[in-house]
Amino acid sequence: MTVNPTVSRRAAAALGALAVAGSLFAAAPAQAADGTGSPSAAASAAPSARQTPKGDGAKGICKRLPKTEERVAKAVDRLNGDAGVVGSIARLQQRATDAKTAGHTPIATYLNDRLTARRNLLATLQTRQSDLKAVATWCAANNQGSTK
């Protein structure tokens, strides 16, 4: 007796669909039992497999510090660039001015809002740079975060 491969694939697909449907029907009573009907509430009632952190991650932070400092410095340099640098504050300021001059008020408003966000980003990154300097000092004094 020979088995047609098309028939066996269809049977396997039907069996898989049946298994999915069965798992959905089995989950319905669990959802209804919590009274909310939401799957997340039922899942949160079960004991969590996640554990709280055992430390502050100092070793990992010290390990990634050079790349983090480089990435932040690169972003600050880009933001402080002149109007020819894509992503710079000066370039966005020029675009907003051009839009206002052209009478494109909604575009100018949009670009000015982006400009405000970009200026805030620069301030945040400069704060982060000073924080990273303090972290570098701490890492050097504490064996790159390996000490307890």
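Residues are numbered from 1 along each chain as its sequence is written, and side-chain values use heavy atoms, with hydrogens and water left out. Because the model is predicted, local features need pLDDT of at least 70 and side-chain atom pairs count only at pLDDT 80 or more, whereas totals for chains, interfaces and linings use all residues.

**Confidence**

- The protein chain averages a pLDDT of 82, where pLDDT is the predictor's confidence in each residue, from 0 to 100, and 67% of the residues score at least 70.
- Where pLDDT is low, the predicted coordinates should not be read in detail.

**The disulfide**

- The structure holds 1 disulfide, a term that stands here for a pair of cysteine sulfur atoms within 2.5 Å, and this disulfide joins Cys62 to Cys139 with an S to S distance of 1.9 Å.
- The pair links distant parts of the chain, since Cys62 lies in helix H3 (residues 58–79) and Cys139 in helix H5 (residues 105–141), 77 residues apart.
- The torsion about the S-S bond of Cys62 and Cys139 is about -85°, so the disulfide is left-handed.
- Cys62 is buried, with a relative accessible area of 4%, and Cys139 is also buried, at 1%; buried means under 20% relative accessible area, exposed over 50%, and partly exposed in between (1.4 Å probe, protein chains only).

**Helix H5**

- At 1.5 Å a residue, the 37 residues of H5 should span 54 Å, and the end C-alpha atoms of H5 are 54 Å apart, which agrees; the expected span is 1.5 Å times one less than the number of residues in the helix.
- The buried residues of H5 include Ala108, Leu111, Leu115, Arg118 and Cys139, and what covers the buried residues of H5 includes H3 and H4.
- H5 is followed by Asn143, whose phi is positive, near 55°.

**Ala96 in helix H4**

- Ala96 is found in helix H4 and is buried, with a relative accessible area of 2%.
- Leaving aside its neighbours within four places in sequence, Ala96 is in contact with Ala108, Leu111 and Asn112, contact meaning heavy atoms within 4.5 Å.
- Ala96 and Thr109 are 13 residues apart in sequence and 7.7 Å apart in space, C-alpha to C-alpha.

Terms used. Helix = DSSP H or I, 4+ residues; strand = E, 2+ residues; numbered from the N terminus.
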